[in-house]
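Take a look at the model below.

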Amino acid sequence: MNNIEKYNNIFASVFNVNVEVLNSDFNIESVDNWDSITQLTLVTELEDEFDIMFDTEDILEFKSYDKGKGIIGKYDIAL
Amino acid sequence: MKTVSKILDSKVCLITGASRGIGKAIAERFAQEGAIVYANAREEGSLDTWATSCAKEHNTVVIPLYFDVTDANLAKQAIIKIKKEQQRIDILVNNAGLVSYELLAMTNVEKLREMFEVNVIAMIQLMQLAARIMTRQKNGSIINISSIVGVQGVKGQLSYSATKGAVNALTKSAAKELASDNIRVNAIAPGMVETERFKKVFDEKFSHRIEDIAMGRLAKPEEIANACVFLGSDLSTYISGQILGVDGSTNF
């Protein structure tokens with residue numbers, strides 16, 4: 001499994017959706033169950049998967065599928 | 001050969017401000033009780049000799065970690081290092097802090113901000129980081145070193161007592177938030193403690209304050225450390241959100 005597949009699978013698992021719905025419109029505004037709890041769960045799962053530890057600022061800014069890709073990139077993980 | 005059980009056996013601990021006084025006493029007591037101790041100080045190399053002898057004396061691991069607690073990036077790197085080396089953090093003791101003595105009219109706002117930065121903001125940041133590891137473990141104990149003046153207030157220490165009042169409030173809130181992950185958060189509120197630094201101040205300025213202590217003496221740093229051992233250990237698994245006074249029944 002490559003990194004983007006890992007990233008997508010974690011999103012799909014945390015938000016209980018199919019990977020097909022993951023796109024630029026997938027964000028805190030458009031996803032009903034995207035709240036602080038799911039956001040922290042998402043962060044934890046990604047940290048464990050990629051063996052990284054987000055800065056607090058990155059956790060706070062992790063509010064969309066696309067934004068998350070950029071944040072992951074900061075930790076030298078190529079998606 | 002009979003083995004003696006130690007109540008912090010193999011628990012992984014981070015203790016900030018461990019170069020002297022209460023912090024150093026906590027680190028030594030934790031090592032004595034078998035903990036794996038990560039001892040923080042700001043000055044590079046300042047704990048090296050002590051850590052080696054402490055580890056040897058107590059047959060455990062004592063590792064110096066040099067960083068300024070107000071540097072969020074360095075604090076994060078320290079937590080990552082512990083996680084990589086031990087795969088867990090069982091106990092965080094937030095001890096690093098600044099203290100000052102001044103009347104309200106003499107309170108310097110810049111110094112007040114600096115004190116909040118060290119005593120409160122840095123404490124919260126370390127709690128954030130450690131809690132992220134502890135949440136995964138579903139276990140952990142966070143001990144914040146407060147002060148009796150944060151509970152009672154005292155004439156001539158407005159800035160310091162304000163920061164310690166904040167420590168008490170954040171301790172209670174964090175305890176409520178983290179309880180579901182089996183992370184306990186407590187504070188210890190020492191009274192006047194006979195550290196090298198405070199003893200000098202006490203003798204010069206506050207010797208009359210001995211009247212305020214029902215037990216009639218200053219605390220030994222080890223007596224504060226003993227309370228930390230208890231709150232860090234499995235003897236206190238149902239205790240969270242408490243501000244434990246260790247003050248010899250002091251009343252300002």
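## Cavity, sheet and a buried alanine

Helix H4 (residues 109-137) of chain B gives the most to the lining of the largest cavity: four residues. The model is predicted. That cavity holds about 40 Å³ of space. The count of cavities of 30 Å³ or more comes to one. Its lining has six nonpolar residues, three polar and no charged ones. Among the lining residues are Thr16(B), Val69(B), Asn94(B), Val118(B) and Leu126(B).

Chain B also has an open sheet of seven strands, paired in parallel. The strand order is E3-E2-E1-E4-E5-E6-E7. Strand E3 (62-66) and strand E7 (243-246) of chain B are the edges, each pairing on one side only. From one strand to the next, the twist averages 20°.

Inside the sheet, strand E5 (residues 140-145) of chain B pairs with strand E6 (residues 183-190) of chain B over six bridges, in the parallel sense. Ile145(B) stands opposite Ile188(B) in E6(B).

Helix H8 (residues 221-232) of chain B contains Ala225(B). Is Ala225(B) buried or exposed? Ala225(B) is buried, because its relative accessible area is 0%. Beyond its neighbours within four places in sequence, Ala225(B) contacts Ala25(B), Ile26(B), Arg29(B) and Phe30(B). Ile26(B) is 199 residues from Ala225(B) in sequence, yet the two are 4.4 Å apart in space, C-alpha to C-alpha.

Conventions. Residues are numbered from 1 along each chain as its sequence is written. Chains are lettered from A and ligands numbered from 1 in the order in which they are written. This is a predicted model: local features need pLDDT of at least 70, side-chain atom pairs count only at pLDDT 80 or more; totals for chains, interfaces and linings use all residues. Side-chain values use heavy atoms; hydrogens and water are left out. On a 1 Å grid over the protein atoms alone, a cavity is a set of points where a 1.4 Å probe fits but cannot get out, and a pocket is an open set with protein on both sides within 12 Å along at least five of seven lines; lining residues have an atom within 4 Å of a point. Grid points are joined across faces, edges and corners, and a volume is the space filled by probe spheres set on the points. Helices (H or I, at least four residues) and strands (E, at least two) are DSSP runs, numbered from the N terminus. Ala, Val, Leu, Ile, Met, Phe, Trp, Tyr, Cys and Pro count as nonpolar, Asp, Glu, Lys and Arg as charged, and the others, Gly among them, as polar. Buried means under 20% relative accessible area, exposed over 50%, partly exposed in between (1.4 Å probe, protein chains only). Contact means heavy atoms within 4.5 Å. Two strands pair if DSSP finds at least two bridges between them. Axes are lines fitted to C-alpha atoms, for helices over the stretch in contact, and angles run from 0 to 180 degrees between N-to-C directions.
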